[in-house]
Amino acid sequence: MIAEELSGQHIGRTIGFTWYFPNSYVEAYVKGELREVHHTAQEWLFVHLAGDESQGDKTEFEIERGAMIALVD
């Protein structure tokens, strides 16, 4: 699916996507439980992910609306 299709109905699902670190453009595959999703008026959206043992901590990622997202579970 594409990132702009993410919505509140996907909260709690595990998603995965390719992430490029700012400045260095090192590529990594990111996978985690979707805790929040925020759409902006621009070409970006923000997702907040957590790992299995996060104890409530989460990490924010800014991704393009057209980025491919995998629903892992």
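Tutor: Start with a rule: two strands pair if DSSP finds at least two bridges between them. Keep in mind that this model is predicted.

Student: What makes β1 and β2 a pair?

Tutor: Count the bridges. There are 7 bridges joining β1 to β2. The rule asks for at least two. So the two strands pair, and they run antiparallel. In one place along them, W19 stands opposite A28 in β2.

Student: What do β1 and β2 form, and how many residues lie between them?

Tutor: They form a hairpin with 6 residues between them. N23 sits in that turn and has a positive phi of about 75 degrees.

Student: How many bridges join β1 to β5, and why is that called pairing?

Tutor: 2 bridges join them. The cut-off is at least two, so β1 and β5 count as paired. They run antiparallel. G16 has A70 in β5 as its bridge partner.

Student: What about β3 and β4?

Tutor: Strand β3, residues 44-50, pairs with β4 over 6 bridges, again in the antiparallel sense. Here W44 stands opposite E64 in β4.

Student: In which order do the strands lie in the sheet?

Tutor: The 5 strands form an open sheet in the order β4-β3-β2-β1-β5. The pairing is antiparallel.

Student: Why are β4 and β5 called edge strands?

Tutor: β4 (59-64) and β5 (70-71) each have a single partner strand, so one side of each is left without a neighbour in the sheet.

Student: Now the rings. How many aromatic pairs are there?

Tutor: The count comes to 3 aromatic pairs.

Student: Why is the pair of F17 and F61 called edge-to-face?

Tutor: Check two values. The ring centres are 5.7 Å apart, and a pair needs them within 6.5 Å.

Student: What kind of pair do W19 and F61 make?

Tutor: Run the check again. Their ring centres lie 4.9 Å apart and their planes are at 80 degrees, so this pair is edge-to-face. W19 belongs to strand β1 and F61 to strand β4, 42 residues apart. W19 and F61 are both buried.

Student: Which residues form the aromatic cluster?

Tutor: F17, W19, F21 and F61 form one cluster.

Student: Is H48 buried or exposed, and how do you know?

Tutor: H48 is in strand β3. Its relative accessible area is 12%. Buried means under 20%, so H48 is buried.

Student: What makes the link between H48 and E60 a polar contact?

Tutor: The distance between their side chains is 3.3 Å. The cut-off is within 3.5 Å, and the atoms must be N or O, one able to donate a hydrogen and the other to accept it. The pair of H48 and E60 is therefore called a polar contact.

Student: Which residues touch the most other members of the largest nonpolar core?

Tutor: They are L6, F17, V47, L49 and I63, out of 14 residues in that core. β1, β2 (27-39), β3 and β4 each supply at least two residues of this core. As for L6, it touches I15, L34, V47 and I69, among others.

Conventions. Residues numbered from 1 in each chain as written. Predicted model: local features only at pLDDT ≥ 70, side-chain atom pairs only at ≥ 80, totals over all residues. Heavy atoms only, no water. Helix = DSSP H or I, 4+ residues; strand = E, 2+ residues; numbered from the N terminus. Phe/Tyr/Trp six-rings, centres within 6.5 Å; stacked < 30°, edge-to-face > 60°. Buried < 20%, exposed > 50% of the residue type's maximum accessible area, 1.4 Å probe, protein only. Core = buried A, V, L, I, M, F, W, Y, C linked by side-chain atoms within 4.5 Å. Contact = heavy atoms within 4.5 Å. Lists of a residue's contacts leave out its neighbours within four places in sequence.
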